[in-house]
Amino acid sequence: MISTDNILVETPETVDTLWDVERVREDFPVLSQTVNGKPLVYLDNAASSQVPQVVIDRGSKYLREEHSNIHRGVHYLSMKATTAYEGAREKVKRFINARDSKECIFVRGATEGINLVMHGYGRKFVTEGDEVIVSAMEHHANIVPWQMLCEEKGARLRVIPMSDAGELLLDEYDALLNERTKIVALAHISNALGTINPVKEMIATAHKHGVPVLLDGAQSAPHLAVDMQDLDCDFFVLSGHKMFAPTGSGVVYGKAEWLERMNPFQGGGDMIRTVTFEKTTYAGLPNKFEAGTPAIASQIGLGAAIDYLGSIGRERAVAYEHELLSYATAKISAIEGVRIIGTAREKASVLSFVIEGVHPHDIGTILDQEGIAVRAGHHCAQPVMQRFKVPATARASFAFYNTKVEVDTLARAIERVIEVFS
Amino acid sequence: MSELSELYQQVILDHNKKPRNFHKLEAANRSAEGYNPLCGDQLTVYMQLEDEVVKDISFEGSGCAISKAAASMMTQSVKGKSKAEAETLFDEFHRMVTGELDEEAVPNHLGRLTIFSGVRDFPARVKCASLSWHTMHAALHGEETVSTE
């Protein structure tokens, strides 16, 4: 990524020709509509991204031609469904570079993934007096499950603080790690600020203390190359619907040595080896963690989304998004009365801002009238809002199908907001 | 932009900038907190209720222009009213912003509160307009918290 950045800095005008954004936009049917009489400008990708036609087609092909329950039948359709579902798991394995596809557990999304690790690892290994470390920029999904665990076990939740720019204070992190620490649960990229955390370094530090690390990859999987072998994290969670797949798809990656030792998450069909009223033995990985019938069509869609990302050229997409964020940051921060929340050196995809004297909800409503979709609110990260002493922010979040023209539209609409409230 | 100017009328913008009765009320014998957990809006309504009459009322908190202006004008409308009158206003306001009451066709007591009628065209903002009213209602009934979930 760094080498690509250097190329961009030298010749920014070449980016648009390298990346044919208009061509890419044609892949996403939702983008061609108008909202309130204006062309849709979809800048809420950090909440949920749009779905390309090939993913829609793959899901509907499954529903039309292959639908059945998986892992159960010896009949034709069940085998077709199972092959497609397990095929998606193989794609995930390659996408995140796991050692084995059995380390990739299908879940509804990152939230369910974190809850799985909390139940499976946390409730087994965390006891009274132990400590769990999270960071000050976590999404509620990576706070609340650990808080519930700490309450249940009499353990303590410790928080890595951050600077005014929205960067974690690594010295403080080092000082928090000790022999009572049982897990570090950390956002790879902050959904509210866009900060890319130096997770590789932080994982290595935790491992020096023998502490496993869970990465919340909900925001990173769509925007960065995520390599489990390179990062060496113990757990990684992602949401399909934030990476161009349908809702209900998601993954927990876990190192096999942890997953083997963990408690199952939910009990039910498909996660067992044998059941009697006296005793149940559990299935091996990954089935041990996949009770009940999963969101088969959605997970197959996730596999198709991974294929799609491969087909458009991941590195160029990442470079283009980076360029777009730089352009938007310069453009929006130049508007008088606008303040950017989250100014870390390493950022991806997210531009959170506030306008002096205007509440973000009012920004959101006025932008919506211009056809622009942004998120206005606390972004499920109330502690981040408290840290920056704002009740909420407006957040524009980008994907590789957004354009500089859309950023210009956003800038004009923000000026309109200021006008209404002046 | 016509719906938008309907929503953000000058009176609403003015109450947003200079909210009335925006302070803690020392003489209050009732108070309630209102939350909109989806957006983080939070406000406290203080009420001095004597002989079933709202003798004084005020509010504190943070929120968008719609919620702040609605709270400001709610306190103005309810101050001096009997409990029953306040209940009627609550009911009429709620029905107006949810589109169940056509304030122009059906006789009502809303008066200048009808400037909030434009909210019904913005379903995502109905809760902003009604949070303070729900909170006032809770205070009136001696409840301490209310959430618009």
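**Two chains, questioned term by term**

Modeller: Among chain A contacts between residues at least 6 apart in sequence, 70% join residues at least 24 apart; two residues are in contact if their C-beta atoms, placed from the backbone, lie within 7 Å. This is a predicted model, where local features need pLDDT of at least 70 and side-chain atom pairs count only at pLDDT 80 or more, while totals for chains, interfaces and linings use all residues. Residues are numbered from 1 along each chain as its sequence is written, and chains are lettered from A and ligands numbered from 1 in the order in which they are written.

Biologist: Thanks! What makes the radius of gyration of chain A agree with a compact globule?

Modeller: The radius is taken over C-alpha atoms, and the globule rule is 2.2 Å times the number of residues to the power 0.38. For 422 residues a compact globule would have a radius near 22 Å, and chain A has 22 Å, so the two agree.

Biologist: And why is chain B called as compact as a globular protein of its length?

Modeller: Chain B has five helices and four strands, where helices (H or I, at least four residues) and strands (E, at least two) are DSSP runs, numbered from the N terminus. Its radius of gyration is 14 Å, close to the 15 Å that the rule gives for 149 residues, so chain B counts as that compact.

Biologist: What is the strand order of the open sheet in chain B?

Modeller: The order is 3-2-1-4, with mixed pairing; two strands pair if DSSP finds at least two bridges between them.

Biologist: Why do strand 3 and strand 4 of chain B stand at the edges?

Modeller: Strand 3 (53–62) and strand 4 (145–147) each have a single partner strand, so one side of each is left without a neighbour in the sheet.

Biologist: How do you know that strand 1 and strand 4 of chain B pair?

Modeller: Three bridges join strand 1 (residues 30–36) to strand 4, and at least two are required, so they pair. The two strands run parallel, and Y35(B) has S147(B) as its bridge partner.

Biologist: Which helix packs on this sheet?

Modeller: Helix 5 (residues 126–140) of chain B does, touching strands 1, 2, 3 and 4 of chain B. Its direction makes about 150° with that of strand 1 of chain B, using lines fitted to C-alpha atoms (for helices over the stretch in contact) and angles from 0 to 180 degrees between N-to-C directions.
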